[in-house]
Structures are given as structure tokens and as C-alpha cells.
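Please read them with the structure open beside you.

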Amino acid sequence: MNSELILRLVSLAAAGHRPPCGDPDTSGYWTSEDPDERALAQRRCRGCPALRECLDEGLTTKATHGVWGGHDLTNMPKATRSRLRAKHLAATTDDAEALF
Ligand code: SF4
């Protein structure tokens with residue numbers, strides 16, 4: 001896990017918050033084999049304060065399964081992943097919504 005994501009998650013925890021994927025009732029959606037559950041996870045990522053760092057982690061580690069930063073990287077075609085990476089790099093820190 002990259003240091004930016006770790007720092008963001010630690011900062012959230014110190015403030016008494018956890019990201020939506022940390023809810024024990026639904027945390028399995030992020031890595032579910034069911035695409036409908038992963039779609040639900042994607043929607044729940046919106047507004048997460050760690051979204052940008054999380055997407056960076058998924059793309060940098062070339063994750064091939066699960067939802068990262070509001071995007072389902074499961075079997076994502078290489079061309080789609082490349083476009084997402086370019087969009088991610090172009091977005092400003094304050095412009096997380098531009099990542100969708
Ligand atoms: S953006 Fe990342 S840390 Fe935030 S809820 Fe989604 S998967 Fe969890």
C-alpha cells in the first residue's frame with residue numbers, strides 16, 4: 001500500500017472516521033465476485049476522502065480485481081485502464097469528481 005493512502009487512512013482513523021469500505025456489514029462488496037455488489041461499492045466510494053489515493057494505489061499496483069477509488073478494476077481492459085490513469089493524473093487534488 002502506498003504511503004499516501006496509508007497516511008490518508010490513518011488521518012481519517014485519528015479523526016474517528018472510516019472509509020465506506022471499512023463498514024463490516026458491506027466491506028465484502030469491494031471484492032465481491034458479484035458485479036452488482038461491486039457496482040454498489042463503486043457508488044459508496046463517492047465522497048470518500050481517500051478516493052484519489054485509493055485509485056492511485058489500484059492503478060499503480062495494477063490491481064486486477066475489486067473496486068479501488070470508485071472504479072471497478074476487475075478485468076478492466078488495458079485501454080480503459082490507460083484512459084483512467086490519464087484522467088487520474090490530469091485531475092487536480094480538489095477535483096475528485098473528475099475521476100468519474
Ligand atoms: S475510495 Fe478506496 S478507501 Fe475509499 S471507500 Fe472506496 S475503496 Fe475504500
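1. Asn75 counts as exposed, because 8 other C-beta atoms lie within 10 Å of its own; here a residue is buried if 20 or more other C-beta atoms lie within 10 Å of its own, exposed if 12 or fewer, and partly exposed in between, with C-beta atoms placed from the backbone. Asn75 sits in the loop between strand 2 and helix 4, where helices (H or I, at least four residues) and strands (E, at least two) are DSSP runs, numbered from the N terminus. The phi of Asn75 is near 55°, a positive value in a residue other than glycine.

2. A word on the basis of these notes. This is a predicted model, in which local features need pLDDT of at least 70 and side-chain atom pairs count only at pLDDT 80 or more, whereas totals for chains, interfaces and linings use all residues. Residues are numbered from 1 along each chain, as its sequence is written.

3. Lys62 also deserves a look at its backbone. Its phi is near 55°, a positive value in a residue other than glycine, and Lys62 lies in the loop between helix 3 and strand 1. Lys62 counts as exposed because it has 8 C-beta neighbours inside 10 Å. As background, most residues other than glycine have a negative phi.

4. Helix 3 is largely enclosed by the rest of the structure, because seven of its ten residues are buried. The buried residues are Leu51, Arg52, Glu53, Cys54, Leu55, Gly58 and Leu59, and they pack against helix 1, helix 2 (35-45), strand 1 (67-68), strand 2 (71-72) and helix 4 (78-90); two residues are taken to be in contact if their C-beta atoms, placed from the backbone, lie within 7 Å. Thr60, which is also found in helix 3, counts as partly exposed because it has 13 C-beta neighbours inside 10 Å. Thr60 and Asn2 are 58 residues apart in sequence, and their C-alpha atoms are 8.9 Å apart in space.

5. The pairing of helix 1 (residues 3-14) with helix 3 (residues 51-60) can be described by its geometry: their axes come within 9 Å and cross at roughly 145°, the axes being lines fitted to C-alpha atoms over the stretch in contact, with angles that run from 0 to 180 degrees between N-to-C directions. Glu4, Leu5 and Arg8 of helix 1 make the contact with Glu53, Cys54, Asp56 and Glu57 of helix 3. By class, this contact has two nonpolar, no polar and five charged residues, where Ala, Val, Leu, Ile, Met, Phe, Trp, Tyr, Cys and Pro count as nonpolar, Asp, Glu, Lys and Arg as charged, and the others, Gly among them, as polar.

6. The largest nonpolar core has 15 residues, and those with the most contacts inside it are Ala41, Leu51 and Cys54; such a core is a set of buried Ala, Val, Leu, Ile, Met, Phe, Trp, Tyr and Cys residues joined through C-beta atoms within 7 Å. Helix 2, helix 3 and strand 1 each give two or more residues to this core, and the largest share, four residues, comes from helix 3. Not counting residues up to four places away in sequence, Ala41 touches Cys21, Tyr29, Trp30 and Val67.

7. Val67, in strand 1, counts as buried because it has 27 C-beta neighbours inside 10 Å. With residues up to four places away in sequence left out, Val67 touches Trp30, Arg38, Ala41, Gln42, Cys45 and Asp72.

8. Which residues come nearest to the ligand? Of the 13 residues around the ligand, Pro19, Cys21, Cys45, Cys48 and Cys54 come nearest, a residue being near if its C-beta atom, placed from the backbone, lies within 6 Å of the molecule. Helix 3 and strand 1 are the elements that give two or more residues to this shell. The shell residues divide into eleven nonpolar, two polar and no charged.
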